[in-house]
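Subject: Structure handover

Hello,

Here is the structure I said I would pass on. Please open it beside this message, as the notes refer to residues by number.

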Amino acid sequence: MIRLKRASYRPDTADEVQYNNRDPLPPEKEYREKYIELVEALFPVVNKSDTFTRIVMISNSLFEAERGALFWFKNGKFTQTPELRASVNLKKEDISKDNFKSNLKLMLTAFKKQQLVFDTCKLSPERINGKDSEYSAVSIPLKIKGEIKAVLYHDRFHSQDGFSFFSRDNNLADQLIRHLSSYVEYGLNSEQAIGKSTSARKNKTKDECPDICSGNQSILHQSKIMENLIQEADKAAQSDTSVLIVGETGVGKELLARRIHSNSDRKKNPFVTINATTIPEGLFESELFGHEKGSFTSAESRKKGLIEVADGGTLFIDEVGEMPLHMQVKLLRAIQEKTFYRVGGTQMIHSDFRLVTATNSDLLLEACEGRFREDLYYRLNLFSFTIPPLRDRREDILLIAERYLDFYTRKYCKEGLFISARSKKMLQDYTWPGNVRELKNVIEKSVIIATSGQFLEINIPENKANMDFRNPFADSPTLDEINRRYIDYILNKTNGKISGPGGAAEMLNIGRTTLTARMKRLGMR
């Protein structure tokens, strides 16, 4: 590490200097905390251009610098005119001016000496509105594949000896050089692999966002609770028994269903989906079992039902709790016998399908209250998986957000966007009543209104912890969220007592098993 002493810096005009009497850089302890934020904000890498832009913007913020730039030395060869690859408040024409020559010399020294170089000097008072000021600059060499190929430059005008703490702690300089160099090298190595997948992504429809799954529907996660769930689902995939997936709206029930199908022996055959909430009651039987020509007024030709289409594969019924009762009887028979009749038909049809269903309702409670057939419930519930809401697996939030960010920056041609440390905290603190679907929408909206090469501005509803409790619906909660809040309120009143006199079940006027089942579905412990 080298500290230079040289002549006073001379900007062209006083307007070029943003002098605001801000405090000097924080002490080493605070600097280390900011440094950790820097490392976290750098990943994941999107492409080479994004790599350079991120380094300059984030390190500029780290140093509280006015200007920053990354200079590239082609093939690691020394030159007096390195290429400007990314910058903040610096343009190519600024670098060619006489008043930047001393700054350029500092940067070239860092390349030659292969060491971090910092400098400070007084600015001429007549150039700064009659006030004395300090000017500080730092140049950081970056080593890629064993040789220096780039130098990161920053300067600031608002502190005394702005980068001198590097001389008091050599480890800081070494850490900074090592991590930033590794980041650039990783970005360069990743660019080719990312480029190969870009053409494949462009061939997908604009409404597709496959990034939460890859390969054989490997659901993106890093939480232990999801890891255990997926392991159990993979075991269930090897059988042909029915599977019931329970979870709030937007948690990814269909994704888990697709994974079960893709990990089964049926993966080469159709995966057929039907949403019970989108089909009128009068057309449900025709959609599920098909119909013969002339069986009703608009039946102009024979139509195969979805059960028949799913022969040899998997039939996925979403929101199965919304099925009409008379259809539940026919579905139960089709599950048991693997045979059925089309509407208006007399020929028995066989279909070897595997049934996977999903719901955000408490089917056991629905069965107890007569809105769902109990025998069908136990037939569907041979294997049951409850997907936890996003707020109960916060380790996955940033991972999923970054993947959606990557997808939408490509879709809307806005490269170089990344999530700031402040926005990351906002994402992790929010309760996500709409789960992954809501997170996806928030990231897409933020990308649409953003400008390329900037921090992503995250706009999410106010957290329920900060809402106005004079209006309990100020944050527009879902029905599940309302249930969860009220049960939590009752449990607090009973000090956690569920059954017996004065218990939560008695206060809610429901059975103990019904309450515990509902709490499990809502993700409550």
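Overall

Please keep in mind that this is a predicted model. The protein chain has 525 residues, and 50% of them count as buried. Its secondary structure comprises 19 helices and 15 strands. Taking the contacts in the chain with a separation of 6 or more, 71% are between residues 24 or more positions apart.

Strand β7

Strand β7 covers residues 243-246. It is joined to two other strands. Four bridges link β7 to β14 (residues 354-359), and the two run parallel. Another strand, β15 (residues 383-386), is also joined to β7 by four bridges, again in parallel. For specific pairs to look up, L244 has T357 as its bridge partner in β14, while V243 is partnered by F383 in β15.

Residue E248

E248 sits in the loop between β7 and α8 (253-262). Is this residue buried or exposed? Its relative accessible area is 3%, and the cut-off for buried is under 20%, so E248 counts as buried. Leaving aside residues up to four places away in sequence, E248 touches K253, N360, P389, R391, P433, N435, D480, R484 and L522.

Helices α14 and α16

Helix α14 spans residues 397-411 and helix α16 spans residues 435-449. Their axes come within 9 Å and cross at roughly 40°. The crossing of α14 past α16 is right-handed.

On the α14 side, the contact is made by I397, I400, A401, Y404, L405, Y408, T409 and K411. These meet V436, L439, K440, I443, E444 and V447 in α16. By type, the residues of this contact are ten nonpolar, one polar and three charged.

Regards

Note on methods:
Residues are numbered from 1 along each chain as its sequence is written. This is a predicted model: local features need pLDDT of at least 70, side-chain atom pairs count only at pLDDT 80 or more; totals for chains, interfaces and linings use all residues. Side-chain values use heavy atoms; hydrogens and water are left out. Axes are lines fitted to C-alpha atoms, for helices over the stretch in contact, and angles run from 0 to 180 degrees between N-to-C directions. A crossing is left-handed if the near helix is turned anticlockwise from the far one by less than a right angle, and right-handed if clockwise. Contact means heavy atoms within 4.5 Å. Ala, Val, Leu, Ile, Met, Phe, Trp, Tyr, Cys and Pro count as nonpolar, Asp, Glu, Lys and Arg as charged, and the others, Gly among them, as polar. Buried means under 20% relative accessible area, exposed over 50%, partly exposed in between (1.4 Å probe, protein chains only). Two strands pair if DSSP finds at least two bridges between them.
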